[in-house]
Amino acid sequence: MAFKDSKLITDPLADNNPITIQVLGICSALAITAELEASIVMSIAVLFVLGVGNVVISLMRNIIPSKIRIIVQLIVVASLVIIVDQVLKAFAYELSKTLSVFVGLIITNCIIMGRFEAFALANGPWRSFLDGIGNSLGYAVILIIVGFFRELLGSGTLLGFPVLGDPIEKTGVYAFGYENNGFMLLAPMALITVGIIIWVQRTKNPALIED
Amino acid sequence: MEHIELFFKSIFIDNMVFATFLGMCSYLAVSKKVSTAVGLGAAVIFVMAITVPLNWLLDQYLLQPGALSWLGEEYASYDLSFLSFIMFIATIATMVQLVEIIVEKFSPSLYNSLGIFLPLIAVNCAILGGSLFMQSREIPSLGLAFNYGISSGIGWFLAILAIAAIREKIRYSNVPPALRGLGITFIITGLMAIGFMSFGGMLTGGDEPKAKEETATVDVVKEDAQKELANNNTKVVE
């Protein structure tokens, strides 16, 4: 893999992150992050849809008329998302209940449309594939960070395992008087957590600061 | 009464932006000026008021399990609900194209100021989210579906109008440099969401057992599965 190609993967992880810098695909990043497991499954779903979708669009880029390209792109994404949805319903039914309509909303996840428009329509399949993987990993990083903190502080568990001790029998951290912060599980704290991630990221790299 | 309840519920309690985070991308990108925010908000209300009832009809007479029974009895067992994503998004893309043509014809200035964001309504999650929630909450009639579409649109409009007004003012305040722009917008939205949470008690008095219903259905499914398993086991034993 040439240096230029490897940048396609590493760039979106931090300095060109789809969520915190390009401001794409926020909805699902906020809505399903109350549990770490849901965040991880969502990331994998987006990884699949964006990786495959980017390759498909890139292969078709010379035969799509530009006037109806949005509809074509939507149909490609929608078909891939149907696959994801059916697989989830078959193998992880309860998780698909938690994710509810948000799996369907991958269709309108702006990261996917954004990458199709900005990259896949102008580049070959291999580079588009790498770009898709890179961007969905960048998305996954934020989702996993937010999910980690929300689940840890909100319910004291990670992936469903109690890591801070037992809140009822007062073992572990709870012995020192710690209580779960249930507010972390509610909608507003997702927004504030992402806001804090952006704050930290831009403090570390002042080149990203907006005026 | 049902209509009034749904109307206020979808504007304030289940507000698209503050309760379910739908349409956040355009909400963050187009909210720098009040005038563009109003244009986009109006377009969203319009598109939602058309697509939600249309998708309701599609869902009712084509996609739901048993929806095809109007064709004849042999079709009653068909379940096309896995096609709903693709049908909904096709309706939405068509309607957005239509709105684009109409706006371009009757108000070129609005068309120019919206620019790229008009086609982007097609990928605004609020629009598809409206249709998907309409499906998952099983809204019972066409009139209610229309009401739901228009009132969720109004809720979204309210949210983007409020944040645009705040962002116009915040330009004059001394925000830490690293928080400027996106960071502070996220945090303000979070604070507004806390405010909107207090509308939750508006219709119910604050004791709605919402989460329980969902877990209950899951439990029933689990029990059924267990019963089936048990049955199979007994059969094997026999």
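Reader: Where is the place of A:Phe148?
Author: This is a predicted model, and in it A:Phe148 belongs to helix α7 of chain A, which covers residues 125-155.
Reader: New topic: how many salt bridges does the structure hold?
Author: Over all chains, the structure holds 4. One of them joins A:Lys89 and A:Asp85, at 3.3 Å from N to O.
Reader: And where do A:Lys89 and A:Asp85 lie?
Author: Both are in helix α4 (residues 69-91) of chain A, 4 residues apart, about one turn of the helix. A:Lys89 is partly exposed at 42% relative accessibility, whereas A:Asp85 is buried at 9%.
Reader: Which residue forms a salt bridge with A:Arg115?
Author: The partner is A:Asp131, with 3.0 Å between the closest N and O atoms. A:Arg115 lies in helix α6 and A:Asp131 in helix α7 of chain A, so this pair ties together parts 16 residues apart in sequence. A:Arg115 is buried at 12% relative accessibility, and A:Asp131 is buried at 3%.
Reader: What about chain B: which residues are linked in a network of salt bridges?
Author: The network links B:Lys9, B:Asp14 and B:Arg137.

Terms used. Residues are numbered from 1 along each chain as its sequence is written. Chains are lettered from A and ligands numbered from 1 in the order in which they are written. This is a predicted model: local features need pLDDT of at least 70, side-chain atom pairs count only at pLDDT 80 or more; totals for chains, interfaces and linings use all residues. Side-chain values use heavy atoms; hydrogens and water are left out. Helices (H or I, at least four residues) and strands (E, at least two) are DSSP runs, numbered from the N terminus. A salt bridge is a side-chain nitrogen of Lys or Arg within 4 Å of a carboxyl oxygen of Asp or Glu. Buried means under 20% relative accessible area, exposed over 50%, partly exposed in between (1.4 Å probe, protein chains only).
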